[in-house]
Amino acid sequence: MRILALLTLPALVGVLLSAAPTQAAQTQAVAQTPPMGWNSWNHFAEKVDDADVRAAADALVSSGMRDAGYVYVNVDDSWEGQRDALGNIQTNSKFPDMKALADYVHSKGLKFGIYSSPGPKTCGGYEGSYGHEQQDANTYASWGVDYLKYDLCSFENVIKLHDPQQDPQKAVAMIQEAYARMHQALVNTHRPIVYSLCQYGVGNVWEWGPKVGANLWRTTDDISDHYRSMALIGFSQAGLEKFSGPGHWNDPDMLEVGNGGMNPDQYRTQMSLWSMLAAPLLAGNDLSKMDETTKSILMNKEVIAVDQDKLGIQASRLGPPQIWVRPLSGGAKAVAIFNYVTDDEVEPLTLRLKDVGFTGSVHARDLWAHKDLGILNGTYTVFVPQGGVVMLRLWK
Ligand code: GLA
């Protein structure tokens, strides 16, 4: 029984963690900048099917998003069917042929992602990978999968069965073992596969994610398409910057831009904040029905360039008020000034250049107005819309 096997976990974790050199080698090969693409969950949830994913791939190309960097097409939960007599995972009727779908996505110059759980069941109650990790990794590789989101879900029940007292330390050791196990399975396929941990930040995952082979890890519970949810998640990332960098990123969950629950200023806040945070940019809207405002937000190339900056340094917060600063390659800095409060009169906010590490004058560009601001000296005062943002690039 797997549950009995889990009794020797601390030893197993030690062995798996000590295998770090090979794992690190693969980890470095992918996700050198935060992954960008689309994921089915935020808009389609369990309704997603093969046609929706093909339409998303088509729209990534026709909208220009692919060329702006959005290359992963990730199917989230609800694709899974039952296992066959040999234990091989099958798709359900919504996804008649996953290999053909992956081939279609690849034919568009895109990459293909999939979803599973270390538990027996996924969060949606579909078949998880528990006890079938290598078999599933092999199946994914044979389909041409380039990205796996691995979501804790019912593994929490495995932990409870193993340790009814639910000692938090034992629970974290078990979670680490489960994630390291799937990472090793992915490594064994010899296919470069981005490895995305989804366990909602349990046990300070940012402290050990790279050791279990993660390229990114969710830092919080699920986002929803409301300003409050987005702002709580995004602004709570302060302090996590030291754990992020090329090949291993904090993941404050996917974008809600274009899903309709926030206004354009609030969506600009999500796009800006996520880019300041060097977060993955996974669009979560229906790409086949985007208005021009949504496109202008998702495809602001100047903001994307901040997200994708090669140094991979996540922004830090100065303040309150919410002023964030991110060092960029070449000595430039991105600065985002957010008006977090949504029910007050809009008041001017003042940035002091010395607070973001500049003495004397600097060049400035407004990344949403797409406008050079000329030379700034000492301070910059600006009205920021409620729930909105002003994002600048500053350089000497
Ligand atoms: C969890 C994850 C979500 C999504 C759903 C799917 O809630 O955090 O991002 O993957 O499961 O069931």
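## The sheet

Six strands make up an open sheet, ordered 11-12-13-18-15-16, with antiparallel pairing. Strands are DSSP runs (E, at least two residues), numbered from the N terminus. Two of them pair if DSSP finds at least two bridges between them. Strand 11 (316-318) and strand 16 (371-377) stand at the edges; each has a single partner strand, so one side of each is left without a neighbour in the sheet. On average, neighbouring strands of this sheet are turned by 30 degrees against each other, direction ignored. Axes here are lines fitted to C-alpha atoms.

Strand 15 (residues 361-366) runs antiparallel to strand 16, and six bridges join the two. Val362 has Leu376 of strand 16 as its bridge partner.

## Basis of the model

This is a predicted model: local features need pLDDT of at least 70, side-chain atom pairs count only at pLDDT 80 or more, and totals for chains, interfaces and linings use all residues. Residues are numbered from 1 along each chain as its sequence is written, and side-chain values use heavy atoms, with hydrogens and water left out.

## The ligand site

Residues around the ligand include Trp41, Asp76, Tyr115, Cys123, Lys149 and Tyr200. Each has a heavy atom within 4 Å of the ligand.

Asp77 places a polar side-chain atom 2.9 Å from a ligand oxygen. For Asp151, a polar side-chain atom also lies 2.9 Å from an oxygen atom of the ligand. In Arg218, a side-chain N or O atom is 3.1 Å from a ligand oxygen. Polar contacts are pairs of N or O atoms within 3.5 Å. Taken alone, the ligand exposes 310 Å², and the protein buries 93% of that (Shrake-Rupley method, 1.4 Å probe).

Conventions. Helices (H or I, at least four residues) and strands (E, at least two) are DSSP runs, numbered from the N terminus. Axes are lines fitted to C-alpha atoms, for helices over the stretch in contact, and angles run from 0 to 180 degrees between N-to-C directions. A polar contact is a pair of N or O atoms within 3.5 Å; within protein, one must be able to donate a hydrogen and the other to accept it, and residues adjacent in sequence count only if both atoms are side-chain atoms.
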